Amino acid sequence: MIPELGHFSLIIALFLAMSLGVLSILGAQRNSRTLMGVARPLAYGMFVFVALAFGVLAHAFLSNDFSVLYVAQHSNSQLPGQYRFAAIWGGHEGSLLLWALLLSVWAASVATFSRHLPEEMVARVLGVMGLIEAGFLLFMLLTSNPFTRLLPAAADGADLNPLLQDPGLVIHPPMLYMGYVGFSVAYAFAISALLGGKLDATWARWSRPWTTVAWVFMTIGIALGSGWAYYELGWGGWWFWDPVENASFMPWLLGTALIHSLAVTEKRGAFKSWTVLLAIGAFSLSLLGTFLVRSGVLTSVHSFASDPKRGIFILGFLVLVVGASLLLFAWRAPKVGLGGKFDMLSRESLLLSNNVLLSVASASVFVGTLYPLFMDALGYGKLSVGAPYFQAVFVPLMVPMVFMMGLGPLARWKKMAAPDLVSRVKWGFAGALAVALLLPLAMGKFLSLESNKWSPLIALGLLMSFWIIASVVISFRQRMAGEGDLAQKLRRQSLSYYGMQFAHLGIAVFIIGVTMVKGYETERDVRMNVGDTLAAGGYEFRFNGVSQVPGPNYVSGMGSVTVSRNGRLVTELHPEKRVYNVSGMPLTEASIQPGLFRDLYVSLGEPIPESDGAWAVRIYIKPFVDWIWAGCLMMALGGVLAISDRRYRIHNKAVIRAGNDAAVGNLQGQTS
Amino acid sequence: MKPRQKRLVYIVVALAAVGVAVALVLNALKDNVSLYFTPTQVYNREAPIDRSFRIGGLVEAGSMKREGDGLTVHFVITDLKKSLPVVYKGILPDLFKEGKGVVAQGKMEADGVMHASEVLAKHDENYMPPEAADALKKAKSVQ
C-alpha cells in the first residue's frame, strides 16, 4: 500500500507542477495578482509531494520491501544501511526521482528567498521551473516509475553494483545533481527576463547568487566523482575523459563562463544577450548530460540498462527546451540591447575573451563526446575518441585563458592603457617565469627521483599557476597601497573580492596538482612474490601476501604491503580484492596513504596462477595529487565567499526601484 | 579607432579564434579516433595495419595463458565465427573473464597477433560492452 502512496504523490505533484507552470506564467503576462499569487503555494506543494514520494521510496529501501521492482533490482538485505539509502539513486528511476526532488527543493528555495523580488518575476521564474518539473515527472510516470510492483515479490534483492557501495557515492550524485538542477534557476531567470522583456543589471544581480550556488555544488560534485574514480577504480587515474565525466564537465565550463558574464552584466550592464545565451546553454547541457547518462547510449559505469523509449523522451524534451528557448531568445533578444560600451583592452574585453575560450572548450568537449554517437547514428560504424584528443584540444585553449585570468582582475573596467597594465604585471610575470623554469631542476631531489626531469609541459604548468599566484599578490598589494591601517583596509574589501581571488588561487593549486602528477608520477605494475621488495621514488615496498578476511556483504582478499624509507617503517597498506556475496562480482579496493606532497597508492591486480601466493600488484607514487581536489575545494569555497557578500542580502525595495542605470552607477563606485 | 574599424577588428579576431579552435579539433580528431572492428572484419583484412583500432567480442574459453612474468597475458577474442589472438602486458580489469564480453584496443603486428594497449571489460555482471554485443550480432547475421 505504501509504495502506491508514493506513486499517487508523484501524480499529484505532476498536476501541481503543470498548474504552476501554466497559471503563474499566464498571470505574469496578464498582470493578474490573483494568478501570480498561486505561484508560491504551488511551488511549496510540489516540493511536499515530491518529497513524500522520495520518502516512500527511501522507506521501501530501508525496510527491504522487495515487492517493489526497483528495490529488488538495486538492493539486498545484506547491504549495510547507509548504502541501502544511497541505493535510492543507484539506478535510473531513483536518480530521476532525486533529480525531481532537488528541482522542487530549488523551486521552494526560490519561493522562500525572493521576498524582495517583483511579483511577476517570481511568478515567471517559478512557472518555468514548474514546467521543467512537469516534464521530468511526466517522464518518470510514463517510462520509469520507481514504484512499479514486482509480483510475486522477490525473496531478496539483486544487490547494488559493488562499485557504487562506497561513501563517495552516498554524496557524489546528490551534489552533482544539485549543480545540474541548480542551473535551471539561472535558466528560469533568463527565460523570465526574456518573457518580461526587461533584462537589466538588477536581473543579473538576482540571478547571480543562485547561479553561483549551483556552480559551487557542481564543482564539489565533479571533484567528488573524480576522487571516487581515483580510489575506487583501482588504477590511480583521476580523470578519464569518459563521456559521462564530460557530460558534467561541459555544463561546468559553460557555468563558469556564465558566472563571470553575469558579473559583467551586473556591474556594467554589458554582455546581456551573451549572458542569457550562456544561461540557456548551461542548462541545456545539464539536460544533455542527463540524456547521455540515463539513456544508455554510452558505455560507462553510469549508464543503466537502456530502454529506447526513455532516450527518445529525454531527447524530445531536450529539443523542446532548447528549441523553445532559442526561439524566444531570437524573438526577444533584439529588445534587450547590448548594454555598456567598453574598449578593446579593458576588464570587459578580457572577461569576454575568457568567456569565449571557455565556451569553445566546452564545444570541443561536446564534439569529442558526441562524435562517436553521430558517426554511429549516420551508419559510419562504431569508433571511439580517446583521452589524447581532449588533452590535445583542451590544453592549448586553457593556456591563454589562464594568462588572461591573471590579467582580468588587474585591469580597469571600460578602458585600460596597455603600457599601464604591462607595468603592473611585468615583475610578477618575470618572477613566475623564472621560478617555473628553475624549479623543475630541484624537483628530482625533492621527490627522490633518479634524475631531475625538466620538460616544457612541466615548466608551462608551473608558469601558469605561479602567474595566477603572482597576479593575486599584485592585486592585493594594489588594494593595500597608500596610507591607513592595514586591518581596516583588509576589512574594507568585499567578500566577493576575496571569493574571486580565493577561487583563482584554487585554479593555481589545481594546476600544480595536475602538472606534478603528470610530470613526476611513478607507476609500476609488477609481479610480487610473498616477501618481494620493490624500490621506487625513495620508498621500499614489501609484499607480505594476501589473506582472506570476511566483510559485511563480501569476502575480501586483503593484501599487506609495508612501506619503508631509508630502513624506517612509513606505513602498512592493505589493498583489497573483494568478491561480493550476492552478485559474485570482484572489486579492487586500492589502499592509499595520502600526504601533502605525495600519495602512496597500492592496489592488487590478480593472483598469479601456479605460484606460491604471488600477485600482480600496482605500486604508484603520486606527487601532489591531493592538490587537484584541494584546488576544486578552494574554487567552491571561493564561490561560497562570493555569495556571502553583503550586497546580495540587501532586502530593501530601493534597489529595485532605482532600476537599471542607477544600479550600474552605484556599483561602479564599489568595484573599480 | 572608429567604431566601424573596431567592430571589424573584433570580427577578425573572433574568426581567427574560431578558426584556430576548429583546426585544433580536426587535427586532434584525425589522430585520436580509433575505429572499431569485429574479429570477422579483421579476418577479412578490413582493419588497418599500422594504426591502433578497437576490437570487440568474447574471450574464448580456455584461451587465456600467462607468461612467466605474471603480467603478460595471451588470449583470443572471438565473435563465434572468427577469432583473433591478443597479447597484453599489464593488469586486466576486474571483470575480465573467459566466455565474457571484452573490448581491446591495440595494433596488429607482423606476427598476426594484436598487441593491446588497453583492455576494457564490462562494468557489471549484466552488462555487455555494446561493441562486443554488436560483434556477436553481426557474426550471427552472416550465417
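Colleague: Why is the crossing of helix 10 of chain A with helix 13 of chain A called left-handed?

Modeller: In this predicted model, helix 10 of chain A passes helix 13 of chain A in a left-handed crossing, because the term applies where the near helix is turned anticlockwise from the far one by less than a right angle (right-handed if clockwise). Helices are DSSP runs of H or I, at least four residues, numbered from the N terminus. Residues are numbered from 1 along each chain as its sequence is written, with chains lettered from A and ligands numbered from 1 in the order written. Local features need pLDDT of at least 70 and side-chain atom pairs 80 or more, whereas totals for chains, interfaces and linings use all residues of the predicted model.

Colleague: What makes helix 10 of chain A roughly antiparallel to helix 13 of chain A?

Modeller: Residues 243-268 and residues 347-377 pack at an angle of about 160°, with axes 9 Å apart. Helix 10 of chain A is therefore roughly antiparallel to helix 13 of chain A, the term being used for angles over 145 degrees.

Colleague: How are helix 16 of chain A and helix 18 of chain A oriented to each other, and why?

Modeller: Helix 16 (residues 456-480) and helix 18 (residues 495-520) of chain A pack at about 160°, their axes 9 Å apart. The two are therefore roughly antiparallel, and their crossing is left-handed.

Colleague: Which residues of helix 16 of chain A make the contact?

Modeller: Among them are Gly461(A), Ile468(A) and Val472(A), contact meaning C-beta atoms, placed from the backbone, within 7 Å.

Colleague: What confidence does the predictor give the complex?

Modeller: The ipTM is 0.84 and the pTM 0.91.

Definitions and conventions. Axes are lines fitted to C-alpha atoms, for helices over the stretch in contact, and angles run from 0 to 180 degrees between N-to-C directions. Angles under 35 degrees count as roughly parallel, over 145 as roughly antiparallel, 65 to 115 as roughly perpendicular and the rest as oblique. Two residues are in contact if their C-beta atoms, placed from the backbone, lie within 7 Å.
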